[in-house]
Amino acid sequence: MPARPWLARVGHARAALAVVPGRIGGWTRARWRTGRGRAILAAIAALILAVPSALGLVLATVLDDDGGGADVPMTRVATLGVMAPLSGDLSADGTSVRNAVALAIDEANKSGAIPGWRLELSTRDDLSRPDGGAQAADAFAANDRLIGVVGPLSSLVAKVALPTLSAEGIPVVSPSNADPTLTGAGTDPRTRPYPTYFRLAGTDELQARVAAEYAVRTLGRRRIAVVDGEPRYGTTLGGRFAVRAAALGATVASVYQVQGDGADGSELDSTAEAIEQEAPDLVYVATGAAFAGKLRTRLAEAGASIQVMGSDALLQPRYTDDAKSAADGDLITSLLVPPTRLSAAGAFVADYSERFGGPADDDGRTTPSGTDSTDASGASEGNRHAAAPPTATRAQTATPAPARIPASTQDTASADGDSAAAQRRQAAHDASVELAQRRAEAIPVAAAYAYDAARAIIRAAATVLPGRPAVDAAARHDVVAAIGRGSFTGVTGSIGFDRWGDTRTPRVVLYTVLGGRFVALTTWT
């Protein structure tokens, strides 16, 4: 390719300047001997000092003209943050949230959802601990391109992070926080403590009410014990359940305070022995999955015929692994609906599995894996609502209609061929449905909610950022307002918020344990 004209001119100039020092040396010495000559040399020196700046200006102008410059619109960059546990026991849940937000960002960039802007992802590991949440919030507050944060998963982390993020005017949409106080519920008069905060999950007050009503009114349980592993979280889910159950006429004789999954053997023994002696007809367990599984096993070994109802922290393989068949018939509530029961989740499940990995198909192939495992892991609030429970719901294999018996041998052969083809088509369809089901089961439930949380922020930014020069305080303020008044149909259902930042469509799912699997029975809306 021939050199550009301006580059050629620069090359000629450099070649000419290379011979200048030797030729002008004598001339300079001669001129320096006279006063008039010294004045001329001073003027030349000043001119030489000015040349670099002038040359730089000319070159910059040439380069700008050469690129077509003003006719090409500038693409600005905005950042969408994820605050989630990306290490430790809950890393699979946090990773699935990060993946879901990355998927939403990629889709937005490809479609040009925000004209003139490109989105980038920034992730912060909150460790599912207050100190991790505080550090993550500080890092996001220092990011002057940030348009919003998806997360955190933990209400305990949210209590530490939200004061910083809200003070900076940063929009926050959590997939799973359940503590009612985060949106001012229960205060009189009610005020909104964090005006930039929204959440897609219902609250523990709702979960406690639904669980208590089912235990007392539907099951007819009258003597109830509560095992509460969350005493450090203020008004706990276990405490709310006890109040609700008592208000419905049940006797809540005891509330056992334990240290969740950190309980030692002696605490487990004393709790199990006390429950055996009390002999309630139902135990409500609001602890981590590990402690709950061990407690369930102890009660079964003692021959105690006591039904267990638990919070969403029990929706973990660890619970059924420890309790085994003793857990069959136990009941568990959750505020998040799994992808297997979301009618609009098909495309999300397919896209997520294609990019980040999923179960093998019938030929043994697996979709590409771009990140860590997305299997469910242990949780407690603040680490609840994160992992997807496996479900026993399966597509039933359809039985093909019997083939018509033709009169002739040729017709018989043709009909047999048609029937075989129909059976193959049906088998392929069933296999496809089965694979889609297994892929949906493999995705932690928080991922679908994180995807909708990201879309809520992106949709709001699309109405605010075009034409603006930067992400500033005014832009963030307008994004918050747009999130609050926006609504759309998402993967998890209708997305919209009330004036407190709570979802307008909270739901509670009731599961039972059957053969080591969690089977969704019903959903309250």
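Val 491 lies in the loop between strand S11 (487-490) and strand S12 (493-496), where helices (H or I, at least four residues) and strands (E, at least two) are DSSP runs numbered from the N terminus. The model is predicted: local features need pLDDT of at least 70, side-chain atom pairs count only at pLDDT 80 or more, and totals for chains, interfaces and linings use all residues. Residues are numbered from 1 along each chain as its sequence is written, and side-chain values use heavy atoms, with hydrogens and water left out.

At 6% relative accessibility, Val 491 counts as buried; buried means under 20% relative accessible area, exposed over 50%, and partly exposed in between (1.4 Å probe, protein chains only). Leaving aside neighbours within four places in sequence, Val 491 is in contact (heavy atoms within 4.5 Å) with Leu 342, Ala 344, Ala 345, Phe 348, Ala 448, Tyr 451, Asp 452 and Arg 455.

Not counting residues up to four places away in sequence, Phe 348 touches Ala 100, Leu 103, Ile 443, Ala 447, Ala 448, Tyr 451 and Val 491. Together with Ile 147, Leu 295 and Leu 465, Phe 348 touches the most other members of the largest nonpolar core, which has 85 residues. Such a core is a set of buried Ala, Val, Leu, Ile, Met, Phe, Trp, Tyr and Cys residues joined through side-chain atoms within 4.5 Å. Helix H14 (residues 445-464) supplies the largest share of this core, 15 residues. Apart from it lies another core of 19 residues, including Ala 208, Phe 241, Ala 242 and Leu 510.

Arg 296, in helix H10 (residues 289-301), is buried, with a relative accessible area of 8%. Beyond four places in sequence, Arg 296 touches Ile 306, Val 308, Tyr 319, Ala 323, Ala 326, Ala 327 and Asp 330.

For the chain overall, there are 15 helices and 14 strands, and 46% of the 525 residues count as buried. Among contacts between residues at least 6 apart in sequence, 75% join residues at least 24 apart.
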